[in-house]
Amino acid sequence: MTSPSSDDPIDRDLLATVGQVPIDRIPVQDVAPAVDGGDRPTKSVVGELFTVSATVFREGHDAVNATVVLTDPDGAEHPVGMRCLNEGLNHWATPVFADREGRWSYRVEGWSDPYSTWRHNAQIKVEADVDVELMLEEGARLLERARDEVERSDDDTQHLSDSIAALRDDSRPKEARLAAGAGRATADVLTRDPLRDMVSPSREYVWWVERQRALNGAWYEIFPRSEGAEQDPKTGLWTSGTFATAADRLPAIAHMGFDVVYLTPVHPIGETNRKGPNNSLEAGEHDPGSPYAIGSADGGQDAIHPDLGDFDDFDAFVDRAREEGLEVALDIALSASPDHPWVEQYPELFTTQADGTIAYAENPPKKYQDIYPLNFDNDPKLAYSEMRRVMQVWLDHGIRIFRVDNPHTKPVEFWQWLIADIGQDYPDVIWLAEAFTKPAMMHTLAKVGFQQSYTYYAWRNTAADLREYLTELSGDAAAYMRPSFWPTTHDILTPYMQYGGPTAFKLRAALAATLVPTYGIYAGYEHCEHVARPGAEEQIDNEKYEYKNRRWDLDAGHGGTGEAQGRPNLGPYLKLLNEARKNHPCLHWLRNITFHSADDENVLVYSKTGGGAHDGSDTDTVIAVVNLDPHSMRETMVNLAMPALGLDWHDGFVAHDLITGEQWNWGSRNYVRLGVGGEPAHLIHVRRF
């Protein structure tokens, strides 16, 4: 038999021998969020509300209570009281938020609540005339402790002194004496600054709080070489766009309301095995090649393609974007063409096959003969340090957002280290993971540091699929993973978009812009570019392999009709969506989505209310009603869960459509008509009577 130490009744060494971690006096269990049990940080942005919960209980019938303690980056602690939401399950919870960026933490403290225990017992006994004087004296002594042991305001201290005196004043009726100690006013004093016994803390959970762009933003993707590119009508030869000509496109992008302009790789492109149009294996003399086949005699990821300009031109582009209210995101592709300087300088960065050749990249059935993937295991120290050096080049030129190409093909531990290392000196850097891969990898990349993630949105087309997916993304996963929704990309053109016509382009943009806080549009979306390369789910005449002059000057706003060359122009529609996002704070958040229903399963109905702190979003509500069938007009009834909108079931409201400007009087059940020939989506601002 072993004996505990004199000051601890528990023999902790004994518990360790049987695989037990000591439990505290007041058990605190199932703290959430706890990413990977607390091994990875919880994430939020400034002002983002989320719920901290835990199971807290104790033996017997004495009252128990719980507090979540937030520790800010300066080490100051901020206690927040929790509420018991289910007494039978001992489930406690409270919403929290951070008011500034940095490394925070939180813990849940369970504690015995002597005041609530006394108050409950005293109200029963005094009313039954049992142990009246004993109960009142115990109350007085308890309030003396609360007054003397807990720091509180002068007014509250005086209130407790008056209550103590009243409890002991035997000239007053017992009911009046009890009311002085157990009444609402005294209970409020003890709620504000409670007397806590047996305080039992959980572990600390790290909580990273980042700038709001890490959660909320509208992205617009361009190939810089196409912006301003011109083809000679006589020779058919192209002149590349430059950073200067691409900068001329920035005002239009900003006018549509986008926040981020994302550039595909801007580096020198290799010539060996260069791909021709439509991914052909034979490139012509003047074909520009894929910007993802990085590296030539002009340099690699640390250099700029000479056709685009130089670093002064790049800096001028970034400055111009900033003047237009745009941030620049740069595509980072950690791979190399056969002509990359690394091939000669650092051959250990690549995988050499049995025949002595270097293995090129494959993503079956796709083959990339013009790209060598990097090997991070031959010489990890070299690989890691060289990638870090490359990143510093772009940090020094003001880039603070990186879209990372295929991060799932590099070691997770590399990303964990790189993001942390850069974050020490550049905490405002945002990383978007382009990892269309299995869920485990996608989620783990988010857990180790990527602020944003591409998702499976492009392939979620039915109401059931979208509800299920958003329930996942806005639930437990929201503590670490922030989704970015893209209807199309330069790599993705689903059959839905190929055959759905302009209606599909409108409704998928509306969904992406309102289901989640971050979404993106690839240039040309305005024109509903929908023709696929045969046998592939990507655009024909793909911009990855050739220049594309979209003749923006023919669109409305540039002296054109908006239907130039028989094409649509969704630029004004995207502007409306982005204006709605900027004007309605409830659309800035992820975890505040509620799904409603429609009689027609092809119609998706959801709302967002509140979700943020101190931004007015507590009273801001937007309802989206979207016909997911791009081929027909549908009429149906929409069924709204009114309490989720902050309304009673019998209430009505003015439904103001942010797309058309129309408005109607709505209640819990409403008629809609949406689809081809009209608008495929209502975006309703709830205006209370």
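1. Helix 17 (residues 571–583) has 13 residues and, at 1.5 Å a residue, should span 18 Å; its end C-alpha atoms are 18 Å apart, so the two agree. The expected span is 1.5 Å times one less than the number of residues. Helices (H or I, at least four residues) and strands (E, at least two) are DSSP runs, numbered from the N terminus.

2. On provenance: this is a predicted model, in which local features need pLDDT of at least 70 and side-chain atom pairs count only at pLDDT 80 or more, while totals for chains, interfaces and linings use all residues. Residues are numbered from 1 along each chain as its sequence is written, and side-chain values use heavy atoms, with hydrogens and water left out.

3. The buried residues of helix 17 are Gly-571, Tyr-573, Leu-574, Leu-577, Asn-578, Ala-580 and Arg-581. Buried means under 20% relative accessible area, exposed over 50%, and partly exposed in between (1.4 Å probe, protein chains only). An α-helix has 3.6 residues a turn, so residues three or four places apart point the same way. The cover over the buried residues of helix 17 includes strand 11 (217–222), helix 16 (501–515), strand 24 (518–522) and strand 33.

4. Strand 33 (residues 681–688) also pairs with strand 28, antiparallel, through 5 bridges. Two strands pair if DSSP finds at least two bridges between them. Ile-623 stands opposite Ile-684 in strand 33. Strand 28 is joined to strand 27 (residues 603–609) as well, again antiparallel, by 7 bridges; there Val-605 has Val-625 as its bridge partner.

5. Of the 7 residues of strand 28 (residues 621–627), 7 are buried. Both of its faces are covered: Thr-621, Ile-623, Val-625 and Asn-627 lie on one side, with Val-622, Ala-624 and Val-626 on the other.

6. A separate point concerns an open sheet of 3 strands, in the order 26-29-32, with antiparallel pairing. Strand 26 (597–598) and strand 32 (669–675) each have a single partner strand and stand at the edges, so one side of each lacks a neighbour in the sheet. Strand 29 (residues 633–639) pairs with strand 32 over 7 bridges, and Val-638 stands opposite Asn-670 in strand 32.

7. The structure holds 37 aromatic pairs. Rings of Phe, Tyr and Trp (its six-membered ring) pair if their centres lie within 6.5 Å; planes under 30 degrees apart count as stacked, over 60 as edge-to-face and the rest as tilted. One of the pairs is Phe-402 with Trp-431, tilted, at 5.3 Å centre to centre and 35° between the planes. Phe-402 lies in strand 20 (residues 401–405) and Trp-431 in strand 21 (residues 430–434), so the pair ties together parts 29 residues apart in sequence. Phe-402 counts as buried at 0% relative accessibility, and Trp-431 at 2%. Both belong to one aromatic cluster that includes Phe-376, Tyr-384 and Phe-450.

8. Two arginines lie over ring faces: Arg-203 over Tyr-205, at 5.3 Å from the ring centre, and Arg-249 over Trp-552, at 3.5 Å. The criterion is NZ of Lys or CZ of Arg within 6 Å of the ring centre and within 35 degrees of the ring normal.

9. For the chain as a whole, the secondary structure comes to 17 helices and 33 strands. The C-alpha trace spans about 110 × 70 × 40 Å along its principal axes, and 54% of the 689 residues count as buried. Among contacts (heavy atoms within 4.5 Å) with a separation of 6 or more, 73% are between residues 24 or more positions apart.
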